[in-house]
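Open the model in your viewer and keep the sequence panel beside it. The stops below say what to select and what is there.

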Amino acid sequence: MIEHSLSLCYRNKLILAPMVRVGTLPMRLLALDYGADIVYCEELIDLKMLQCKRVVNEVLSTVDFVAPDDRVVFRTCEREQSRVVFQMGTSDAERALAVARLVENDVAGIDVNMGCPKEYSTKGGMGAALLSDPDKIEKILSTLVKGTRRPVTCKIRILPSLEDTLSLVKRIERTGIAAVTVHGSGGSHDHIQKYLDIEDFRQATAASSVMVARAAMWNPSIFLKEGLRPLEEVMQKYIRYAIQYENHYTNTKYCLCQMLREQLESPQGRLLHAAQSSQEICEAFGLGAFYEEMTRELNARRAELLARTPEAAAEPAEDTSGVIKMAVKFDRRAYSPQITPKMCLLEWCRKEKLAQPVYDTVQRPLDRLFCSVVTVAEQKYQSTLWDKSKKLAEQAAAIVCLRSRGLPEGRLGEESPSWHKRKREAIDQDPEGSRNQEHTVPGELCKKLFVALGSGEESRLGGW
C-alpha cells in the first residue's frame, strides 16, 4: 500500500462537477475564485492520456499533458494543485493505475467515472457500463487505492433498486476509496439557482457535500456566498483566464455560449457566433486591449526563455539553403471562410500538373511553436515567424509560396475564378443545401458549430 502524501477532505465541500468541454483550466480557476472548494476536470479517457507526455510549460507556468498531435489534453497550474481532481474514463485497472501515476504529482485526487450513460463511454465498457460489473469496479478501485499516492473516488448512478445500489456502494466502500459521488437526477434545473439552494439541497439529500454542474456552467459564481455576480463580469473574468492560459478559442467560445444561453441572439451573442479566434472573442467583449497586452507579455516571456537557451531557437534541422523566406502569418480574418492559402496552392499545382505541395513542419521544444517549409516544384518556401499550431504554420508557408509566385492566396476580394466556379458547381448540385444555409439563423449556426467541433460530443454535458 502506497502512503497517501496528500489527503483531500471531501466533507462539507462545494464541488465543481466534471463536465466535458467545460471543466478546462479557465473554468476551474473561475469556480475556485467564486468559492468552490474542489474542482473536477472533464472526463479524460485512459487510452488518450497514456499517449500524452508531461510537459512543463515555462511560458504559461503550467503543466501540460500533450498528445502526439501536439494537442494539450490536460493543463493544470500550481494554484489549483491542492484542489483539482482528475477524472478518468476507464475499464481496465492497469491502465487506470498507469494514468493515475502519470498525473498524481500534479493533482489532488483521482476519480473514476462510473456514471456516464452515453454510448461513447459505455460501448468501451466505461462509465455506467461498469455498474453492471461489480468485480471490475472493485479491481479498478482497489488497484488505484493501493497504487497511487492520491485519494481515490468514483462517481456512480443509482441502480434500478435501492437494495442493489446499497450493496454496490458497500462493496465500493470496502476498497478504501475516499468518497462516492452519486449522480441522481440533477438539481440545477429545479433546485439550485443560487448559493443558498446548495445548502438546502445538501440538507434535503443528507449528502456530505454537493457537486454542481449546470448551474455552475451557466454562472460559476453560484458558489459565492454573497450571491450571483453579473454575467457580463463573470464572462469577462473567464475570458481573461482563457487568454492567460492560451485556452483554445473553440473551447472558450463553447463555454461562453453556455453562459449566454437565452442571450445568444443578442448583439454580443452574434459577435460571439462570428468569432474565429481568441482575439475576436476578446474584441466582442470589449477586451481587445487586454488581448494585445497579454499577447505581448507572453511573447516577452518566450523571448526571455529563448535568450537563455538560444539553441532552442534554431531553424529547422534540414539544410535551408535556397529557401525563399518571408515574415508572414496566416490571419484567418483576412481570408474567405471557404478558402485558405493551402487550398489555393494545391489548386494551382493541380492546374499546372505539378506534384502536390509537401509540408515539412517542426516544433521548437522550448515554447512549442511551429515552423513549416513547403516544397513546390523543387523550391522551398518558409515563413520566418513561428506559430502556435502546425496548421497555422503550414498556411503561412503556403502564403510565402503564393506571394513569391504572384498567385492569389484566397484573401477577401482576391478569390481566383476557379474557386468561384467550384462554388457555383456545388450550389448547382445541391440547391436545397444552399437555401438551407442561406436561411440559417445565428443560433442554429452556433449549434451546428458545436456538433462539428465536438464530433458528436455536444450532448455529453448531460452525462456528467
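Start with the surface of the whole protein chain. Its accessible area is about 22,500 Å², and carbon and sulfur atoms own 50% of that. Such areas come from the Shrake-Rupley method with a 1.4 Å probe, and for residues only the protein chains shown count as cover.

This is a predicted model, where local features need pLDDT of at least 70 and side-chain atom pairs count only at pLDDT 80 or more, while totals for chains, interfaces and linings use all residues. Residues are numbered from 1 along each chain as its sequence is written, and side-chain values use heavy atoms, without hydrogens and water.

Stay with the whole chain. Of its 464 residues, 50% count as buried. Buried means under 20% relative accessible area, exposed over 50%, and partly exposed in between (1.4 Å probe, protein chains only). Now switch to cartoon. There are 18 helices and 15 strands. These are DSSP runs numbered from the N terminus: helices are H or I with at least four residues, strands are E with at least two. Contact means heavy atoms within 4.5 Å. Among the contacts with a separation of 6 or more, 68% link residues 24 or more positions apart.

**Stop 1: the three-stranded sheet**

Select β4, β5 and β6. They form an open sheet in the order β4-β5-β6, with antiparallel pairing. β4 (53–57) and β6 are the edges; each has a single partner strand, so one side of each is left without a neighbour in the sheet. Neighbouring strands here are turned by 25 degrees against each other on average, direction ignored. Two strands pair if DSSP finds at least two bridges between them.

Zoom in on β5 (residues 62–66) and β6. Five bridges join these antiparallel strands. V63 has T76 as its bridge partner, and V66 has V72. Then select the turn of this hairpin. Five residues lie between the strands, and D70 in the turn has a positive phi of about 70 degrees.

How many residues of strand β6 (residues 72–77) are buried? Five of its six are, which leaves the strand mostly covered.

Axes are lines fitted to C-alpha atoms, for helices over the stretch in contact, and angles run from 0 to 180 degrees between N-to-C directions.

**Stop 2: helix α5**

Select residues 134–147, helix α5. At 1.5 Å a residue, its 14 residues should span 20 Å, and the end C-alpha atoms are 20 Å apart, which agrees. The expected span is 1.5 Å times one less than the number of residues.

Show the side chains. The buried residues in α5 are I137, I140, L141, S142, T143, L144, V145 and G147. Their cover includes α3 (93–103), β8 (109–114), β9 (152–157) and α6 (162–173).

Pick T143, which lies in this helix. T143 is buried, at 16% relative accessible area. Leaving aside neighbours within four places in sequence, T143 is in contact with A93, E94 and L97. T143 and L97 are 46 residues apart in sequence but 6.8 Å apart in space, C-alpha to C-alpha.

**Stop 3**

Begin at P230, in the loop between α8 (214–218) and α9. P230 is partly exposed, with 46% relative accessibility. From P230 to N219 is eleven residues in sequence and 8.8 Å in space, C-alpha to C-alpha.

Now select helices α9 (residues 231–244) and α10 (residues 249–260). They pack at an angle of about 170 degrees, with axes 11 Å apart. The two are therefore roughly antiparallel. (Angles under 35 degrees count as roughly parallel, over 145 as roughly antiparallel, 65 to 115 as roughly perpendicular and the rest as oblique.)

Show the interface side chains. From α9 come L231, V234, M235, Y238, I239 and A242. They meet N251, T252, C255, L256, M259 and L260 in α10.

**Stop 4: the four-stranded sheet**

Select β12 through β15. This open sheet has the order β12-β15-β14-β13 and mixed pairing. β12 (324–326) and β13 (358–363) are the edge strands, each pairing on one side only.

Focus on β14 (residues 370–376) and β15 (residues 379–383). Four bridges pair them in the antiparallel sense. V374 has Y381 in β15 as its bridge partner.

Finish with two helices. Helix α14 (residues 341–351) packs on the sheet, touching β13 and β14, and its direction makes about 15 degrees with that of β14. Helix α15 (residues 390–404) lies across β12, β13, β14 and β15, at about 40 degrees to β14.
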